[in-house]
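Student: Got a minute to go through the pockets and the core with me?
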Amino acid sequence: MNPSDLIAILPELVLVLAGGILVLADAFAPGLRPRFGVFAALSTVAALALRWTTPLPGAVWSGALSVDALARFVDTYVLAALLLVVAMADPYLARTRARFGEFYGLVLWSATGAMTLAKADHLLVVFVGLELLSISLYVLNAFHCDSALSLEAGWKYLVVGAFASALLLFGIALLYGATGTFSLRATARVIGERSFAGDPLLLGALALLLAGFGFKLALVPFHAWAPDVYQGSPTPVTAFLSVVPKGVVLIALARAVASLTPTAISPRWVTLLATVAVGSQVLGNLVAIAQRDLKRMLAYSGIAHMGYALVGLVAFGFDGLTGVLVYLAAYTFMNIAAFAVVSAFSENEDEPHLINDLAGQGWQRPFLSFALALSMLSLAGIPPTVGFVAKFLVFRAAVNGGMAWLAVVGVINSLVSVFFYVRVIYYLYMKPLPQRAPSYSEPLAVRLVAGACALAIVLLGMLPAWVLGAGELAARTLVR
Amino acid sequence: MPTDSLLSAIVLTPAVVGLLLLATPRAAQRLHRWAGLAASLVTLAFAAAAWAQFDPANAAFQFVEKRQWLPTVGISYRLGMDGISLVLVLLTALLQPIVFVSSWKSIRENVKGYVVSMLLLETGILGAFLATDLFLFYVFWELMLVPMYFIIGVWGGERRIYAAVKFVLFTLAGSLLMLVAIIYLSFVHHAQVRLWSFAYEDMLTLSVPMGQGFWHSPQMLLFAAFALAFAIKVPVFPLHTWLPDAHTEAPTGGSIILAGVLLKLGTYGLLRFNRPLFPQAWAAATPLFLTLAVIAIIYGALVAWAQRDMKKLVAYSSVTHMGFVVLGLFAGTLASTQGALLQMINHGLSTGALFLLVGVIYDRRHTRLIEDFGGLAAVMPLYTGAFLLATLASIGLPGLNGFVGEFLILTGSFARYPAAVVLATTGIVLGAVYMLSLVQRVFWNAITQPENRSLADLTWQEALAFAPLGVLMIWIGVHPGTFLSLSEAAVRRLIGG
């Protein structure tokens with residue numbers, strides 16, 4: 001081990017240590033609990049600063065990790081999401097009397113797992129990263145241990161997650177059987193040397209990898225867990241769950257695709273991936289129309305959005321990967337804005353977060369409602385929001401890749417989705433306030449998170465050059 | 001005013017003021033009203049400055065602005081103004097202050113939201129007229145959607161939600177396919193020139209492959225995608241069903257903007273994009289669009305005739321008038337296209353005025369049913385005069401603006417498509433029938449309802465809002481050359497003759 005290996009993973013080390021300190025502090029100095037949120041946020045900022053000040057050496061730890069521009073992009077994305085989630089979690093935990101060190105420790109460790117997964121160039125590290133990410137989340141989902149819904153969410157995510165991990169592990173085993181290596185780089189070399197077209201071991205491995213990742217991404221037909229888990233988990237956890245695992249798993253999938261070149265193994269790969277993408281869009285958007293609970297609606301919307309993002313992976317290439325990366329950045333801000341507002345618009349965690357309860361709030365609480373409305377417009381892909389830019393880029397990748405039909409399907413799905421996103425705005429601004437309007441708290445931290453996300457949605461929507469440039473730089477590490 | 005950022009000043013002034021107003025307290029309604037009016041007047045002044053410096057002999061875009069936006073994708077912030085956009089920008093900038101004056105009293109709740117929505121809407125409209133990059137055009141095009149959704153949905157009539165959602169879904173249904181078409185067009189540009197670009201001027205140099213049949217012809221498919229978006233906006237006959245709802249349910253100011261300029265974006269798009277970019281597909285689609293235009297002219301007039309609600313009647317008259325514009329565009333001669341462009345302005349003026357005046361009477365009586373009125377001429381002489389002027393302009397009385405536009409369209413189209421012109425002419429007769437019978441039932445006859453005996457005439461604010469429209473109706477009617485000469489060079493360039 002040489003020092004540059006350690007320097008390359010300093011951000012992860014900071015998060016692991018900070019998480020450990022928080023868990024221990026909870027046991028030995030419980031009086032410090034109100035400060036935990038600030039400490040977690042500061043460690044996140046420190047990790048982010050380290051990632052941007054340390055060099056990017058590329059392959060480290062004997063090629064197990066790739067600390068490259070792509071890794072930096074994903075780390076930035078994960079840490080930004082983490083910071084926003086920690087900020088919105090603090091008032092939430094205070095209100096639900098769950099302000100424990102374990103919460104922050106687990107969130108930080110989960111983010112560490114996500115960052116590891118996104119850099120993994122070795123299939124076993126992929127697995128370890130994914131497990132660290134997921135196991136922390138299983139506990140976080142069930143963090144309200146006296147709420148049946150929360151426990152159900154934890155259980156469901158655990159069972160489905162374990163199943164997905166098993167599929168993934170089996171896929172990795174098959175891949176090892178076919179190529180004799182766990183390293184993605186070496187795999188790419190082996191596959192480049194001789195033809196594996198139609199190789200049964202690799203076909204099986206591809207199918208299992210896609211299924212394993214598909215569960216984590218909640219893609220059709222592996223999506224069924226999403227609504228219940230979204231609904232039952234504590235809202236800040238749902239926010240984290242809805243953006244971080246999905247983003248890094250997409251990147252892991254992209255790294256795998258870049259080195260396995262599945263199109264060379266089976267010509268049906270593109271059809272398969274496109275079918276999954278279209279299926280997710282159609283199912284997510286159609287079922288979201290029927291939802292009355294905001295969190296469930298956002299779960300189905302998340303299924304659809306992963307379908308859109310997957311279009312970038314179907315097209316692959318430079319345009320496609322750039323599109324995916326910008327999509328992830330956009331998705332983070334719009335989803336976290338939505339969940340931050342949802343966490344403020346709920347009196348009691350056990351009650352459903354009904355869209356009906358938003359009636360008339362637009363004029364009552366202009367700031368949060370505006371942020372929620374903006375996030376809905378961005379999710380619907382209406383300019384000048386970042387959601388539009390993201391959709392534009394993935395659809396452009398599809399058209400440039402000779403799959404204009406995927407873009408057409410995508411825009412038709414967007415049209416369907418407008419119906420339920422705009423309905424939220426309708427409730428906020430066009431429905432009268434009910435006689436007994438629910439009294440909601442509006443803590444400063446949530447206002448800050450919602451405001452920051454709203455600002456990002458508009459600024460990145462109008463000046464996307466910044467995020468696009470970062471995405472292009474990152475995409476270039478995988479494809480030319 | 002330096003000309004290198006004049007267009008940005010026109011486009012962005014409303015939005016900047018609107019966003020600043022967001023930060024003001026809700027209760028400051030006077031501030032919001034005055035700031036909205038001031039912003040729209042400043043925009044009008046900028047537009048007038050552009051008019052003063054505009055060179056009508058030059059067919060190319062003037063006051064061009066170009067800034068990098070997404071260079072790797074080929075997207076830039078490009079604005080430019082030719083004669084066609086100039087007249088439409090002038091119309092928009094003129095109608096906006098009128099909207100604010102007309103809603104001074106009638107909008108009482110959430111004034112801030114109303115003013116901000118209107119200002120953002122104005123930026124969207126002006127930006128769409130001035131954008132010379134297809135991506136930027138699309139951004140402005142969609143920017144109009146949300147403010148209009150709010151204007152109809154929050155401040156509208158009884159069935160406002162239905163109307164607002166219908167408006168959004170119809171508009172988006174067309175425009176999303178246009179987005180794919182825009183992306184594909186840039187793909188074609190890259191295939192032919194090896195350069196990523198979304199610039200309008202670059203697209204003009206392309207020849208989009210025509211191919212065989214409809215489904216295998218990129219040009220036909222792209223034409224269809226663009227035309228669908230624009231045809232919904234115009235609206236062309238079978239796609240018009242959102243219009244009566246949106247126009248009727250929108251508040252007066254929203255109806256004025258909708259009828260006055262939003263519909264023009266459809267015909268503007270057909271002329272600006274479909275005509276020069278897809279010439280063969282345009283030729284192939286001409287019989288279809290001429291047929292639909294003639295149907296719209298006659299059908300719209302017949303339906304308008306049957307209406308009992310004054311606002312609905314004016315809404316359906318828009319279908320007829322826009323039918324004339326489509327007829328002029330697809331007939332494709334210089335005279336008919338110039339006539340179509342002038343008719344777009346005329347319709348904005350006369351229909352804007354009619355919605356304004358129907359709003360006046362609605363504010364007084366809270367009904368728009370024709371049968372609730374009668375004999376108003378004796379009670380409201382000034383109002384009657386204004387309404388009569390707008391009516392006569394709308395039905396094309398010589399000496400007023402409507403006549404010039406319709407005459408140019410019909411004479412310009414006759415040589416090529418005599419049958420369509422003959423049929424369309426019946427629409428003019430029907431137009432006189434439904435508008436004059438409206439005037440007769442509302443203003444002449446005897447006063448039947450006692451409430452109508454004590455109606456107040458136009459207030460000075462209402463008169464002030466109407467005055468510029470009335471002046472322009474006469475001005476264009478007497479001397480259309482002022483405006484026709486502005487656009488002639490640009491129209492010649494687009495229709496290639």
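Predicted model: local features only at pLDDT ≥ 70, side-chain atom pairs only at ≥ 80, totals over all residues.

Student: What volume does the largest pocket have?

Tutor: About 1600 Å³. A pocket here is an open set of points on a 1 Å grid where a 1.4 Å probe fits, with protein on both sides within 12 Å along at least five of seven lines; the volume is the space filled by probe spheres set on the points.

Student: Which residues lie nearest its centre?

Tutor: A:F370, A:L374, B:L19, B:L22 and B:L120, out of 48 lining residues, meaning those with an atom within 4 Å of a point. By class, that lining has 36 nonpolar, nine polar and three charged residues.

Student: And how does the lining of the second largest pocket divide?

Tutor: Into 16 nonpolar, 14 polar and 16 charged. The second largest pocket holds about 1100 Å³ of space.

Student: Switching to the core: how many residues has the largest nonpolar core?

Tutor: It has 393, all buried (under 20% relative accessible area, 1.4 Å probe, protein chains only) and joined through side-chain atoms within 4.5 Å. A:L313 is among those with the most contacts inside it.

Student: What does A:L313 contact?

Tutor: Leaving aside neighbours within four places in sequence, A:L250, A:L253, A:A254, A:L273, A:L321 and A:V324, with contact meaning heavy atoms within 4.5 Å.

Conventions. Residues numbered from 1 in each chain as written. Chains lettered and ligands numbered in written order. Heavy atoms only, no water. Nonpolar A, V, L, I, M, F, W, Y, C, P; charged D, E, K, R; others polar. Buried < 20%, exposed > 50% of the residue type's maximum accessible area, 1.4 Å probe, protein only.
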